[in-house]
Amino acid sequence: MKRIFILLVLLIGITSVKAQEKATLSGYIKDAESGETLLGAAVYIQSLQLGVTTNIYGFYSLSVPKGKYKVSISYLGYISYTEEISIDSNLVKEIEMKPNSVQMKTVTVSSERRDENVKKTEMGVIKMDINTIKKLPSFMGENDVLRTVQMLPGVQSGGEANTGFFVRGGNSDQNLILLDDAPVYNPSHLLGIFSVFNPDAIKSLKLYKGGIPAKYGGRLSSLLDIKMKEGNSKKMHGAASISPISSKLTLEGPIIKDRSSFIVSGRRSYADLFLKLSKKKERRKSRLYFYDFNAKANYRINDNNRVFLSGYFGDDVLGIGKEFGTSWGNRTGTVRWNHIFNSKLFMNNIVYVSNYTYKLTVNDGIEDIKYNSGILDYGGRTDFTYYLNALNTIKFGLNTTSYQIQSGSFTGKNIEDTKLPKSNAREFAAYLSNNHTINEKLAIDYGVRYSLFQNVGKATVYKFDKTNPLVYKANDTISYKKGKAFNNYGNFEPRISLRYQLNKQSSIKASYNRTTQYLHQANNATAASPLTVWVLSSQNIKPQIADQYSMGYFRNLFKDVLEVSAEVYYEDMKNTIDFRDNAELILNEFLEGEFRIGKSYSYGVELLVRKNIGKLTGWVGYTWSKTRKKIPEINRGKEFFASYDRTHDISVVAVYELNKRATLSSNWLYSTGSAISVPTGKFLFQGEQVNVYSDRNSVRMPSFHRWDISLTLKTKDKPNRKYESEWAFSVLNTYFRKNAYSIKFRKNEDTGKSEAIKTYFFPILPSVAYNIKF
């Protein structure tokens, strides 16, 4: 309570602008061609040296002394807008900005104003433009959101054939991935080769590696906030594409012009269609495909109220006749209501649901085996933004989440059925923050989040005898009735970021944030599997807690054409989760006994040089980092590297516009190999060879590096043509690097000696895609 009191005192004592009568200019900023709201557009009054940016819904509010001002609005890729406005009373003004036809032919890496990285208090935050992602080299004709995220500094890849990622020493389950505010629990198709995010349906994405806003919580390492398009409210548009792996179709347009719009986008792979051409009957009956379907609609009730409805549905299906079948997929749905109380107070209400399921069937004529698992997450959030004045923006709100986890259900004809009980929990949170511009040089964003977690019955909780650190044995149980709340965890999570501007071109920043995670993934491999189950915090598993400290220097060069940044961070993690050797993680009634708890830490340096405008755009990123764990029952209590630790990580990404019709792009990636354990000796036990392993993760796999190139050719424009099209040619792994996906050890049957077997996925992989817009 003392912390809250201190924070409230700070907020009440906020410095305001000159004590004279004021009025507020507010409204939405939109794209003049599509009607889509613009996120992060800058509204600035030069004579007062005051300005704001639009929020994630395109809304802005700026309070100033009454008078007549020249107001400028700028947004990268759009023609700057300037108007002299008399602000004698509160004024609502909706502004539409026209795309800059010159800049739109180039590729932009960021859609924010050009000096945003220097002026904002945010650090460890990168916003990506969808047009950039679409121009980069594709994998089998598919541009991928998460593969692009993997190329950013501070982000490590999960592997050659994996869209999983690791941020600043955190595991892949410590990333909160939101699609229109609904969490996505398995963001990959085809066992990790592709992500579930169709770029044609995505409006924006923003990655927070640090300085996570107080309204977000539930994960330790990062937040990837992805927003779907709202749909063109002016006129009908469509897009389609075909590639070697899949086809896509997108339609968008007005339901009621300038008032309501929609977008629907579908994608499906078709490997199974080619299997039907096989001469072998069993192949013709096989199923191998994935699909996505995105849909969104919005309706502007009046100037102060707007509602949105969005959903995502996706599945992977793999099967061989009636003998074998497996499928997994995500379902998400979001209902959102924006309400403007007045020119200073903005409210956003969200209700969401997210459901991930996995199914497996085996029927060989004797057995009929069925396995199911999944997680259901639903909840709501209310966010308020209060624009106190031009120097202070206060945000506060509440949210609630309910979890229901099915860890596994296994049935069969001739074997004993196993059905693990469902686990239930609730999480509540409240937050309060303020973005305070103290003067031209110094700005602070500070706040606090309080989260409360409760396990909910019906439940049976095991107590474990931990005398033997290798194997925990259950020796007692406690039962709770259905609906009974038990085992509360509460945590304060302070957040603070500050920026000190050295001059117009450079600034230094620092941030600290604490995050808490109550939901954990039971997975002891680097790559996530569709089988992976989630586990709630309990009496046996405490919530994980992380404290991250970071500092950085940010500078713009050559009239803001080039962005340069250097960030250092240190992250201390408590109650870190790992698993005993040879842990049983599937269909284990005593799964909590497989967990081993300790601590970990990560530190590193991230360098980024980024060019946003002109014919040549792209970035060069470098990360040097270390991530180590210390678990008393693992590795004899000695520190060891996390399996996803990468000492060096380099990405070089470039997009060059050769002319109006041709664009060339390229990326080169390098990273230190993953940390693994290897056999260092062997002995015979009852006639069988048993390996003796090194310390955990004490050996490195070979380094990873790859060069990809792409050429996009637009077809010639013709008079009265109502569509435009392009061909996209890509070559993945241009110099045929055999990057190791895994290394396994086995006994050579001929020599009797142990040998290492490397598995790699991709050779040189050319592809072509055809895209059309109409």
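**Close-up views of a predicted model**

View 1. Lys458 is placed in the loop that runs between strand 29 (442-456) and strand 30 (459-465). In this predicted model, the peptide bond leading from Gly457 to Lys458 is cis, and its omega is near 15 degrees.

**View 2. Two residues other than glycine with positive phi.** Asp258 has a phi near 65 degrees, a positive value in a residue that is not glycine. Asp258 sits in the loop between strand 19 (246-256) and strand 20 (260-269). With a relative accessibility of 34%, Asp258 is classed as partly exposed. Asn582 likewise carries a positive phi, near 60 degrees, and is a residue other than glycine. The loop that holds Asn582 is the one between strand 37 (562-579) and strand 38 (595-611). Asn582 is exposed, its relative accessible area being 71%.

View 3. The model contains 38 salt bridges. One of them joins Asp225 to Lys227, with 3.6 Å between the closest N and O atoms. Asp225 is buried at 7% relative accessibility, and Lys227 is buried at 6%. Both residues belong to a network of salt bridges that also includes Asp181, Arg381 and Asp383.

View 4. Arg514 and Asp547 meet through their side chains in a salt bridge, with an N to O distance of 2.8 Å. Arg514 belongs to strand 33 (residues 506-517) and Asp547 to strand 36 (residues 544-557), and the pair links distant parts of the chain, 33 residues apart. Arg514 is partly exposed, at 23% relative accessibility, whereas Asp547 is buried, with a relative accessible area of 3%.

**View 5. A salt bridge between Asp578 and Arg696.** The side chains of Asp578 and Arg696 form a salt bridge at 3.0 Å, N to O. Asp578 is part of strand 37, while Arg696 is in the loop between strand 45 (688-693) and strand 46 (699-700), so this contact ties together parts that are 118 residues apart in sequence. Asp578 has a relative accessible area of 10% and is therefore buried, the limit being under 20%. Arg696 is also buried, with a relative accessible area of 16%.

View 6. The structure holds 30 aromatic pairs. Among them is the pair of Trp727 and Tyr770, which is tilted, with 4.7 Å from centre to centre and 45 degrees between the planes. Trp727 comes from strand 48 (residues 724-732) and Tyr770 from strand 51 (residues 765-773), so the pair ties together parts that are 43 residues apart in sequence. Trp727 is partly exposed, at 39% relative accessibility, and Tyr770 is partly exposed, with a relative accessible area of 24%.

View 7. Tyr741 lies in the loop between strand 48 and strand 49 (742-747), and Phe761 in the loop between strand 50 (754-759) and strand 51, so the contact ties together parts that are 20 residues apart in sequence. Tyr741 is partly exposed, with a relative accessible area of 31%; Phe761 is partly exposed as well, at 38%.

**View 8. A nonpolar surface patch from strand 19 and strand 21.** Ile255, Ile256, Tyr299 and Ile301 make up a nonpolar patch on the surface, and together they have about 340 Å² of accessible area. Strand 19 and strand 21 are the elements that contribute two or more residues to this patch. Ile256, a residue of strand 19, is partly exposed with a relative accessible area of 41%.

View 9. Lys322 is located in the loop between strand 22 (305-320) and strand 23 (324-340). Lys322 is exposed, its relative accessible area being 75%.

View 10. Asp303 occupies the loop between strand 21 (286-302) and strand 22, and is exposed with a relative accessible area of 59%. A distance of 9.7 Å separates the C-alpha atoms of Asp303 and Glu94, which are 209 residues apart along the chain.

Key
Residues numbered from 1 in each chain as written. Predicted model: local features only at pLDDT ≥ 70, side-chain atom pairs only at ≥ 80, totals over all residues. Heavy atoms only, no water. Helix = DSSP H or I, 4+ residues; strand = E, 2+ residues; numbered from the N terminus. Buried < 20%, exposed > 50% of the residue type's maximum accessible area, 1.4 Å probe, protein only. Phe/Tyr/Trp six-rings, centres within 6.5 Å; stacked < 30°, edge-to-face > 60°. Patch = residues over 30% accessible without salt bridge, like charges linked within 9 Å, V, L, I, M, F, W, Y side chains within 5 Å. Areas by Shrake-Rupley, 256 points an atom, 1.4 Å probe, with all protein chains shown as cover. Salt bridge = Lys/Arg side-chain N within 4 Å of Asp/Glu carboxyl O.
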